[in-house]
Amino acid sequence: MKLYEKGVYLVDGREIVEDPAGVHITQEEAAANTIAYGILKEHNVSDSMENLQIKFDKLTSHDITFVGIIQTARASGLEKFPVPYVLTNCHNSLCAVGGTINEDDHVFGLTCAKKYGGVYVPPHQAVIHQYAREMLAGGGKMILGSDSHTRYGALGTMAMGEGGPELVKQLLEQTYDIQMPQVVGVYLKGEPVPGVGPQDVALAIIGEVFDKGYVKNKVMEFVGPGVSNLSADFRIGVDVMTTETTCLSSIWRTDDTIREYYEIHGRAEEYKELNPGKTAYYDGMIEIDLGEIRPMIAMPFHPSNTYTIDEVNANLKDVLADVEKRAQVSLDGQVEFSLQDKVVDGRLYVEQGIIAGCAGGGFENICDAADILQGASIGADRFTLSVYPASTPIYMELAKNGVLADLLRTGAVVKTAFCGPCFGAGDTPANGALSIRHSTRNFPNREGSKIQNGQISSVALMDARSIAATAANKGYLTPATEFGGTYRKPKYFFDKTIYENRVFDSKGIADADCDIQFGPNIKDWPSMPSLPEHLILKVVSEIHDPVTTTDELIPSGETSSYRSNPLGLAEFTLSRKDPAYVGRAKEVQKAEDAIREGENPVKVLKELETVLEVVKKEYPQIKETDAESLGIGSTIFAEKPGDGSAREQAASCQKVLGGWANIAREYATKRYRSNLINWGMLPLLIPEGKLLFKNGDYLFLPGIRQAVKEKSDEIQVYRVSDKMESFTAAMGELTDDEREIILQGCLINYNRR
């Protein structure tokens with residue numbers, strides 16, 4: 001794999017040219033010849049291709065996010081879904097968790113689909129992204145989803161995963177505002193060797209680019225002759241994992257293989273041939289010889305912690321020692337973690353295998369896995385294997401062609417479409433166990449363990465084929481390249497009957513007379529104040545991990561049942577990373593509440609007395625009983641927060657607990673930064689170097705409202721003790737609308753205005 005240090009030109013879709021003298025076109029003209037540029041131009045409603053205002057063709061959400069999104073839109077005046085909006089139920093599918101909460105959310109979704117004119121996909125029918133591939137994607141289209149793995153580029157659809165407020169904007173017929181992103185080409189050549197699957201290619205890319213930030217917030221455009229050597233399912237499997245590179249979106253050139261995919265699914269009219277122009281300019285290029293990729297494994301606790309399986313097996317002790325060392329950074333030494341006990345007779349033994357979800361649950365992955373397991377068994381020891389087809393149509397075809405029976409015969413369990421194993425709501429391993437999964441992420445505790453209770457298990461990401469090879473060897477780590485048999489490659493026949501029988505599709509017709517059904521756990525968003533003239537912030541958490549994931553900011557898994565209850569969910573904020581955070585934030589919030597009631601905040605938070613005395617020596621005009629003059633809230637510091645999920649709750653939970661800002665060296669993803677802004681929080685940045693404050697310190701931001709209004713490049717901040725010590729922070733690029741959202745206090749307030 002080769003990463004080009006500078007931008008390059010692609011001529012005729014095959015020749016990479018580094019020297020501008022080798023082409024007869026300007027860089028600007030060539031940049032407009034990428035597939036990405038063309039799609040963005042078609043969906044941009046501004047008069048500038050530098051500052052885009054995008055309107056999407058379709059929207060998607062699942063049952064962890066759609067309640068909050070619709071509640072936010074309702075509070076802002078929603079009357080009808082202006083574009084097709086699909087509500088799937090693939091995350092909170094286990095309705096025994098949380099009493100009636102999950103099914104209450106599902107009924108809420110169904111009644112909203114009827115009232116506002118949407119589509120409702122019941123639990124166990126399809127995971128969100130598979131339904132979108134089968135029923136929504138279209139060549140040259142754009143889809144926005146409230147799940148970070150919203151990626152349908154292999155089908156010619158530019159899709160993006162964002163926090164809920166960005167979908168709210170689309171529901172209110174507003175726009176998705178971004179600067180024109182850079183486009184990085186991914187040039188594929190050759191073809192994979194037998195036993196190498198899409199997860200292997202994806203992990204190889206992630207391992208190469210993540211730490212370098214090579215594609216961060218950029219569009220990955222897959223080109224080159226190697227694309228045509230991949231099946232549609234293979235391309236889809238690589239594409240969905242581009243999220244883990246921190247890119248903004250992805251798009252692929254399309255061909256007859258993708259045409260056939262649409263034909264199989266009864267939507268031939270949605271196919272569009274997409275190719276870059278004769279000479280296209282890319283801001284970077286990743287060149288990959290598919291034939292050189294070997295079975296990969298991403299060891300705990302990140303998809304970028306990659307090795308070849310052969311490398312792990314050959315250097316087992318050294319690799320495990322390195323993983324354990326890295327794990328201590330993620331786990332803060334809070335719990336003992338060891339992989340050395342997984343070495344049995346000189347080989348790595350794993351206790352669980354999972355093939356599931358939007359990444360692993362595809363038809364081809366499961367069929368290939370079944371071929372590898374043909375005639376074998378997973379054994380009667382600790383090792384277990386669970387397979388989750390990504391949709392009921394896939395499940396139906398596996399039943400018809402005999403693959404389902406083949407899998408069951410081995411001792412594997414085949415379950416319905418469900419995203420649970422990907423975020424800790426299904427197949428949680430035992431304490432200390434190691435699970436290998438063809439799913440999307442392996443962040444700490446994401447598989448369901450609870451570090452605060454002393455429970456720790458871990459996940460390594462692998463391709464379905466190598467998981468099957470490992471299962472055939474009763475749990476001993478084995479690459480699929482050791483399988484010497486044949487792959488039957490049965491043809492896929494899509495039967496949409498189950499969708500016609502079970503999916504509610506309003507066909508875009510809203511029924512204003514339909515009453516929305518609310519469960520007792522579904523709560524409205526609490527009121528949120530506008531940004532005051534001055535801010536006093538208390539630092540209530542300090543995180544120095546190289547990267548902080550959204551799973552660490554607000555845990556997945558058991559918390560998902562509370563996603564429709566803003567205050568209930570907020571109780572879990574940072575619970576696995578900094579359990580004292582919620583209590584600290586609430587103490588500070590009492591002071592903010594006092595000001596909003598016209599009372600002196602010192603009455604409820606005595607330590608503010610000294611802080612206010614010091615501040616008022618320099619700024620006597622501050623009125624501590626006037627909410628327009630002074631706000632008091634909390635903030636957290638993290639080196640690089642926001643990697644992973646698009647879930648808005650990572651920001652909104654801080655907001656409902658009185659958070660006014662995040663302070664970081666950089667933000668891991670655009671998604672997380674956008675969530676902060678849409679919830680009215682300041683996305684502050686400080687440079688590398690010594691941290692000039694610590695957990696528990698008070699910070700003062702004088703004239704912050706005016707600074708936001710005036711588009712100040714630098715924000716003056718003071719650390720307050722017995723004196724005020726100054727440092728500067730920045731907020732980065734903000735659109736006029738984003739500034740106004742921050743001034744109003746959140747997107748809800750902005751739209752109510």
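Keep in mind that the model is predicted.

The largest pocket has a volume of about 930 Å³. Its lining has 33 residues, and closest to the centre are Gln179, Arg673, Glu733, Leu734 and Glu738. Which elements give two or more residues to that lining? They are β4 (51-54), β10 (176-179), α24 (670-678) and α26 (736-744). By class, the pocket lining divides into 13 charged, 10 polar and 10 nonpolar residues.

Stay with α24 for a moment. Its axis comes within 8 Å of the axis of α6, residues 164-171, and the two cross at roughly 65°. The cut-off for roughly perpendicular starts at 65 degrees, so α6 counts as roughly perpendicular to α24. On the α6 side, the contact uses Gly164, Pro165, Glu166 and Lys169. On the α24 side, Ser674, Asn675 and Asn678 take part. That contact has 4 polar, 2 charged and 1 nonpolar residues.

The largest cavity has a volume of about 260 Å³. Its lining holds 27 residues, with His62, His91, Asp147, Phe423 and Arg446 nearest the centre. Helices α5 (128-135), α12 (357-360) and α16 (420-423) each supply at least two lining residues. By class, this lining has 11 nonpolar, 11 polar and 5 charged residues.

The second largest cavity has a volume of about 80 Å³. Among the residues lining it are Ser330, Leu331, Asp551, Glu552, Arg576 and Lys577. Two elements give two or more residues here, α11 (316-331) and α19 (550-553).

Next, a covered helix. After α13 comes Gly375, with a positive phi near 80°.

Last stop, Ala707. This residue sits in helix α25, residues 704-709. Is Ala707 buried or exposed? Its relative accessibility is 12%, so Ala707 counts as buried, the cut-off being under 20%. Leaving out residues up to four places away in sequence, Ala707 touches Ser712, Ile715 and Arg739. For a sense of scale, take Gly190, 517 residues away along the chain. The C-alpha atoms of Ala707 and Gly190 are separated by 54 Å.

Technical notes: Residues numbered from 1 in each chain as written. Predicted model: local features only at pLDDT ≥ 70, side-chain atom pairs only at ≥ 80, totals over all residues. Heavy atoms only, no water. Helix = DSSP H or I, 4+ residues; strand = E, 2+ residues; numbered from the N terminus. Buried < 20%, exposed > 50% of the residue type's maximum accessible area, 1.4 Å probe, protein only. Contact = heavy atoms within 4.5 Å. 1 Å grid on protein atoms, 1.4 Å probe; cavity = no way out; pocket = protein on both sides within 12 Å on 5 of 7 lines; lining within 4 Å. Points joined across faces, edges and corners; volume = space filled by probe spheres on them. Nonpolar A, V, L, I, M, F, W, Y, C, P; charged D, E, K, R; others polar. Axes fitted to C-alpha atoms, helices over the stretch in contact; angles between N-to-C directions. Parallel < 35°, antiparallel > 145°, perpendicular 65-115°, else oblique.
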